[in-house]
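Me: I am new to this structure and would like to go through it slowly. Could you show it to me before I ask anything?

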Amino acid sequence: MALGRDVTTICALQTGKICGLVTDTPSSMQKLWRSVEAAMPKVLAMGCWAHILNLFSSDVKKLPRIFEHIEVAKDIVDLFARQVVAQEWLRNQQGPNGKESTAR
């Protein structure tokens, strides 16, 4: 069983040098967290928040209303990236260093 070997390997490390264990969040990893925390009470095991946020944002982007807004934003970026006239208009709207101009 790989999980048992993983727990044994982690617990064999010097506990004074380990304060946390971060993994992705499937149930097999959650079982590993419980095993490590039981064997090493001073070690905190948890899921990677960056990974969780990435999964969450991927799901949110699939929602029709959010997807529509993202597509509109991409169209706006493409307009300014490809059209010299649009770029010039944007520069005229901004002051030095990309700040909004006070004179209109």
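This is a predicted model: local features need pLDDT of at least 70, side-chain atom pairs count only at pLDDT 80 or more; totals for chains, interfaces and linings use all residues.

Me: How many residues does helix H2 have, and what is its reach from its first C-alpha to its last?

Reply: Helix H2 covers residues 27–39, which makes 13 residues. At 1.5 Å a residue a span of 18 Å is expected, and the computed reach, which is close to that, is 19 Å.

Me: Where do the buried residues of H2 lie, seen down its axis?

Reply: The buried residues in H2 are Met29, Leu32, Trp33 and Val36. Seen down the axis of H2, its buried residues fall within an arc of 105°, so they line one face of the helix. On the other side of H2, by contrast, Ser27, Arg34 and Ala38 are exposed.

Me: Are helices H4 and H5 roughly parallel or roughly perpendicular to each other?

Reply: Residues Leu79, Phe80, Ala81 and Arg82 in H4 meet Val84, Ala86, Gln87, Trp89 and Leu90 in H5. The two helices, H4 (residues 64–82) and H5 (residues 84–93), pack with their axes 5 Å apart and at an angle of about 95°. Angles of 65 to 115 degrees count as roughly perpendicular, and H4 and H5 are therefore roughly perpendicular.

Conventions
Residues are numbered from 1 along each chain as its sequence is written. Side-chain values use heavy atoms; hydrogens and water are left out. Helices (H or I, at least four residues) and strands (E, at least two) are DSSP runs, numbered from the N terminus. The expected span of a helix is 1.5 Å times one less than its number of residues. Buried means under 20% relative accessible area, exposed over 50%, partly exposed in between (1.4 Å probe, protein chains only). The arc is that of the directions from the helix axis to the C-beta atoms. Axes are lines fitted to C-alpha atoms, for helices over the stretch in contact, and angles run from 0 to 180 degrees between N-to-C directions. Angles under 35 degrees count as roughly parallel, over 145 as roughly antiparallel, 65 to 115 as roughly perpendicular and the rest as oblique. Contact means heavy atoms within 4.5 Å.
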